[in-house]
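Visitor: Hi, could you walk me through this one?
Guide: Happy to, let's have a look together.

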Amino acid sequence: MKDKKFISYLFEVAWILPSVAIPVSMLVAILITAFAVGVRVPTTAGRVSVSAVAAGADATFSQTGLREIAPGRYEAIITAQTFMFTPNKIEVPAGSKVTFILTSKDVIHGFKIEGAPINVMVIPGQVSRVTATFDKPGEYLVVCHEYCGAGHHVMYGTVVVY
Amino acid sequence: MASIAARARPVAISTDLSVERKLAGINIFIAFAALAVGGLMGVLQILRYNGLDLYTPSKPLLPGGYYQGLTIHGVLNVLVFTTFYIIGFLTYIFTKSLNRPLASSRLAWATLWVMVTGLVLAAIPLLTNNATVMFTFYPPLKADALFYIGLTLVVAGTWLLLVNMIMTRNAWLADNPGQRTPLPAFMAIVTMLMWTISTIGVASEMLFLVIPWSLGLVGGTDPVLARTLFWFTGHPIVYFWLLPAYISWYTLVPEQAGGKLFSDPMARVSFILFLILSLPIGMHHQVTDPGISEMWKLVHAIFTFGVFFPSLLTFFNVVASLEYAGRRNGGEGWLAWIFNLPWGKPEISTQIVAMMLFAFGGISGLVNASYNVNLVVHNTSWISGHFHLTVGTAVALSFMGITYWLVPHLTGRKLWSRGLAVAQPWLWFVGMGLFSHFMHELGLRGMPRRTDIGGAPYVQDEWRFFLFFAMIGGLIMFVSAIFYYLNMIMTLTRGEKLAEAPDFTFAKAISGPEDAPKILDRLLVWVAIAAIILIINYVPTILDILRTATFDVPGRRVW
């Protein structure tokens, strides 16, 4: 009887140890990709007045579009509204590092670039700021991935890397 | 009579559970009625994804088309079905395990009426296309105020059950000094405690932000604050759905399979860990949100990994209990005992099938919570694939499996068709397996969730192949649901009346509560610890948002 209890105890330990080890090792992998490789997630990037953005009176977001801020470094200022991105097409040469700076004029939208590590919510009153390097030429699909109303499914754009 | 009984000690405590039985029946009936409507919306969605548009012919009933249907699908399936079922099931399991009725039957009826009133109020705008805002109702999307008021009442109703449970347990403890709370009652009250604490988030969102704003009392709101408060409740809610299924897996399935629960102490530990760790993790739903610092997103990811641990404890304990049952039924070998489980009993096989698919759902959930890995999957159909395995299978299929014994028990009618009931979970297994697999695949290829893909101009060619198989899976699930509903309707109307309704007992444990530290039953201690961790994990972010909030974002009706 005592042996039987001991054996079931061993089984419990044999299960519990990997139950701790598996999530811990996954966590270590995440920390390495985040802080050694540099795959980071969106963070606080300041607020804007939604009425100013909608009226075109905001200093940053009244000048939407792409601009080169240094050789190979770009900034794309984009606004989202039902049901479009402005601009909805961006063209950059291969190897460019692009920082996307976004906000919404009305409801919450999403901004995901398929094939690039860009996935961010676009929220009225908030600035979203995300950066990626585009090495491979091609057409990258951009979709609004947050329900934003009756025309949500027609809201998309493209990033062309040439 | 009553006063004489009250004076004479020890009194014969009432064991009459007729009120609880009625409440369980009514709540579960409402739950499955909601699931029928909500589930049907799912069929329309998957057909539309493949170019078969049933929204145009349903225009008079469903003026808002795909997005209204999707909102109904979400609200009815994950808010109404789950909540009503859980309140009914826990009411009965809790009182049955203590063998005494709830302390106040009036409060128990009030629980039902508050929830039903809320459901009716919320259903009006929902069904008239005045609340097409998804079940997450992110402001500045602005629905009719009735929608928010109704949902708030449903939540407030659930609090009354917790109050009643606490009163009942206190009375039970007074009558049974020094005794351990029976495991099913312990688990039921821990579930309701965790849930009630978590609702602080959505209740604050409703009462302070959304309701005044939807009534026009204030002009604007703060979307990030609203999202943060929503997910404060929105992740713990998945454990509110899951834990009642765990209660069945721990305290009923081992007995029904012909065995015993492996370890009562381990079960208590896992529920205490759920109480503490389910709460401070909501921000892993906001990994891609601006306005929330990266550091707290990482902390919440770490805590989410923590809550994986009690689920693994549950997995071990439940499978060990099943193995014990299999061996008792004559099973041998490392795994061959699996064939000696009573697969012909639908209440067992349904729940084992639910467990099997849940294993995959748990793994994809870890991916979702994995901080930067979330960038790949956030708001894609991967997420829909994930939660159709968790709430859509582990929870919904277990809840169906429970009704295969609970409905005969409550009504005294024999299950109409055992054959249909045995086939039903396997059809679900195949259908959901296909559907969720291809939804995961589509998500990895960039297909957004909550999007009318049938009308989207950017559908990629490679998606079409996967969408077709997702539809096949969805249709097989639909057949499974027809099997279930047909069986239940026939049982309720034509089922053979049994001379005596079949009774049930809870599983005994190989290692019983006497092996569990007494401190595990001191719930106030654990609530205090949970509260401290919750405050540490949320107060800095909420203060940070409040510091810069301007509450000037106007509401929009964009559908």
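**A chat about the model**

Guide: Let's start with helix 17 of chain B, where W526(B), A530(B), L534(B), Y538(B), T541(B) and I545(B) are buried. Buried means 20 or more other C-beta atoms within 10 Å of the residue's own, exposed means 12 or fewer, and partly exposed is in between, with C-beta atoms placed from the backbone. Helices (H or I, at least four residues) and strands (E, at least two) are DSSP runs numbered from the N terminus. This is a predicted model, in which local features need pLDDT of at least 70, side-chain atom pairs count only at pLDDT 80 or more, and totals for chains, interfaces and linings use all residues. Residues are numbered from 1 along each chain as its sequence is written, while chains are lettered from A and ligands numbered from 1 in the order in which they are written.

Visitor: What covers the buried residues of helix 17 of chain B?
Guide: The cover includes helix 6 (183-214), helix 7 (223-234), helix 10 (264-277) and helix 11 (294-328) of chain B. Contact here means C-beta atoms, placed from the backbone, within 7 Å.

Visitor: And where does helix 17 of chain B bend?
Guide: At Y538(B), by about 35 degrees, and the proline P540(B) follows within four residues. The bend is the angle between axes fitted to the seven residues ending there and the seven starting there.

Visitor: Switching topic, how many residues of chain A are in contact with chain B?
Guide: There are 48 from chain A, in contact with 49 of chain B. Helix 1 of chain A gives the largest share of chain A's side, nine residues.

Visitor: Which scores does the predictor give the complex?
Guide: An ipTM of 0.94 and a pTM of 0.95. Chain B averages a pLDDT of 95, with 98% of its residues scoring at least 70; pLDDT is the predictor's confidence in each residue, from 0 to 100. Residues 1-9 of chain B fall below 50, and beyond near neighbours in sequence that stretch has two contacts in the model.

Visitor: What does R73(A) touch?
Guide: Leaving out residues up to four places away in sequence, R73(A) touches E68(A) and K97(A). V92(A) is 19 residues from R73(A) in sequence and 9.7 Å away in space, C-alpha to C-alpha.
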